[in-house]
Amino acid sequence: MDQNFPIVDMGKLNTQERKSTMEIIKDACENWGFFELVNHGISIEMMDKVEKLTKDHYKKCMEQRFKEMVANKGLECVQSEINDLDWESTFFLRHLPSSNISEIPDLDDDYRKIMKEFALKLENLAEELLDLLCENLGLEKGYLKKVFYGSKGPNFGTKVSNYPPCPKPDLIKGLRAHTDAGGIILLFQDDKVSGLQLLKDDQWIDVPPMRHSIVINLGDQLEVITNGKYKSVMHRVIAQTDGARMSIASFYNPSDDAVISPAPTLLNENETTSEIYPKFVFDDYMKLYMGLKFQAKEPRFEAMMKAMSSVDVGPVVSI
C-alpha cells in the first residue's frame, strides 16, 4: 500500500479531529483526485451481501458469455497490444432520474432489492461528500448539489464490473486509462484482487484494496466547477493473471441540462480568460466525451471553450 494514499475516516468528522480530517480531504482533492473512505455509514452486512450476490450473478449469468467473447475474438492468443477493448464484463444500473433495475434481465429479486438499497445509501453519501467539498472550498452548503440538479435532478447510475483472470495482462488492459466525465464517483472494489491504478506525478500508483472501504474519485465536472483547484485524474485497471476482481462504481453526475461552469467565488480577479475553465451544458460534454473517453481531458475542455464562444448557454445557476 502506498503509505501516503489518502484514507479518510468519516467517523472523525464528529470529533475534535474534524479539522485534520477535512484537511486530508482537501489535500486529496487537490493533489490526488482520489481518496478512500472508512466508517462511511454503509453497513458491513450490506456490503458483504452486495459483494456475494454480485459475484454469484457473474458466475451464473456472465462468466460463460465473457469466455465466448474471448474465444470469438481470439484474445487468448494475442501477440501485440490491444487498444480498442477492455478485459471486463459489465452491466449498468440506472437509479436517477428513474430506475431501470426492474428491467435488467437475469437479476434475482434479492439482488435487485439489495442494489436499490445500496444505491440509496451511496446517493446520500455522495451528497454528504459534495457538502464537505463545499465547506473546504468556501462555497455555500448545497452549492454543488444545486449546480448538478438542473431541471430533472442528478444522473446517478452504477457500473457493475468483473475483471476475470487475463492470460496477457501486458497486452490487454482491464480498463484503459481515462478520466471520468461526471461528478463524483463512489467505488466498492474487491479487497483481495488489486488492479486499479491512478496517475500521480507521471507514476502509476495502486489504489489499495481495503475491506469495506469506498474509494472516491472526482470527475471532470468538479475540476471545471473548482476552476482546476480540484483535479480529475487519469486512472486504469490492470488485468491480473489470477483472481477475478469485482468493481461496483457508482457515478453521481449532473443532470443532462445542468449548466456547468467555474463557481464565481473561486475565480481570482487577476485570472486571464485563458486560465478560466469553460461553461457548458453537461449533456454536450458527455456527447463529446463518448468519442474521446480514452484521450486526455484537456482537448475536451478546449473544445467546450470554443463551443462556448459561439453559443450562449444562459445564466449560471446562482445561489
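Ser161 is buried, with a relative accessible area of 1%. Buried means under 20% relative accessible area, exposed means over 50%, and partly exposed lies in between (1.4 Å probe, protein chains only). Ser161 sits in strand β4, residues 155–163. Helices (H or I, at least four residues) and strands (E, at least two) are DSSP runs, numbered from the N terminus. Setting aside residues up to four places away in sequence, Ser161 touches Glu88, Ser89, Thr90, Arg245, Met246 and Ser247. Contact here means heavy atoms within 4.5 Å.

This is a predicted model: local features need pLDDT of at least 70, side-chain atom pairs count only at pLDDT 80 or more, and totals for chains, interfaces and linings use all residues. Residues are numbered from 1 along each chain as its sequence is written, and side-chain values use heavy atoms, with hydrogens and water left out.

## The whole chain

The protein chain has seven helices and 13 strands. Its radius of gyration is 20 Å, close to the 20 Å that the globule rule gives for 319 residues, so the chain is as compact as a globular protein of that length. That radius is taken over C-alpha atoms, and the rule is 2.2 Å times the number of residues to the power 0.38. Along its principal axes, the C-alpha trace spans about 55 × 45 × 40 Å.

Of the 319 residues, 52% count as buried. Now take contacts between residues at least 6 apart in sequence: 80% of them join residues at least 24 apart. The accessible surface of the chain comes to about 15100 Å², and 50% of that belongs to carbon and sulfur atoms. These areas come from the Shrake-Rupley method with a 1.4 Å probe; for residues, only the protein chains shown count as cover.

The chain carries 38 positive and 50 negative side chains. The centres of the two sets lie 3 Å apart. Lys and Arg count as positive, Asp and Glu as negative; His and the chain ends are not counted. Each charge is placed at NZ of Lys, CZ of Arg, CG of Asp or CD of Glu.

## The annotated stretch

An unreviewed UniProt entry gives the annotation "domain: Fe2OG dioxygenase" for residues 154–254. UniProt positions are given in the numbering used here, feature names are shortened, and annotations may be inferred rather than shown by experiment. Over residues 154–254, the chain is 6% helix and 45% strand. The end C-alpha atoms of this stretch are 5 Å apart.

## Buried residues and their partners

Ile225 lies in helix α5, residues 220–225. At 1% relative accessibility, Ile225 counts as buried. Beyond its neighbours within four places in sequence, its contacts include Tyr143, Phe148, Ile260, Pro262 and Leu266.

Trp32 lies in the loop between α1 (18–31) and β2 (34–38). Trp32 is buried too, with a relative accessible area of 7%.

Asp86 is in the loop between α2 (44–73) and β3 (89–96). At 14% relative accessibility, Asp86 counts as buried. Leaving aside neighbours within four places in sequence, Asp86 is in contact with Lys173, Gly174, Leu175, Arg176 and Phe294.

## A partly exposed loop residue

Asp256 lies in the loop between β11 (245–253) and β12 (259–260). At 34% relative accessibility, Asp256 counts as partly exposed. Not counting residues up to four places away in sequence, Asp256 touches Lys152, Asn155, Val281, Phe282 and Asp283.

## Sequence and space

| Pair | Apart in sequence | C-alpha to C-alpha |
|---|---|---|
| Trp32 and Leu199 | 167 residues | 8.5 Å |
| Ile225 and Leu266 | 41 residues | 8.4 Å |
| Asp256 and Lys287 | 31 residues | 10 Å |
| Asp86 and Asp257 | 171 residues | 30 Å |

## Backbone exceptions

Most residues other than glycine have a negative phi, and most peptide bonds are trans.

The peptide bond from Leu96 to Pro97 is cis, with omega near 5°. Pro97 is in the loop between β3 and α3 (109–137).

Asp106 has a positive phi, near 75°. Asp106 is placed in the loop between β3 and α3. Its relative accessibility is 41%, so Asp106 counts as partly exposed.

Asp202 also has a positive phi, near 65°. Asp202 lies in the loop between β7 (196–200) and β8 (203–206). Asp202 is exposed, with a relative accessible area of 70%.
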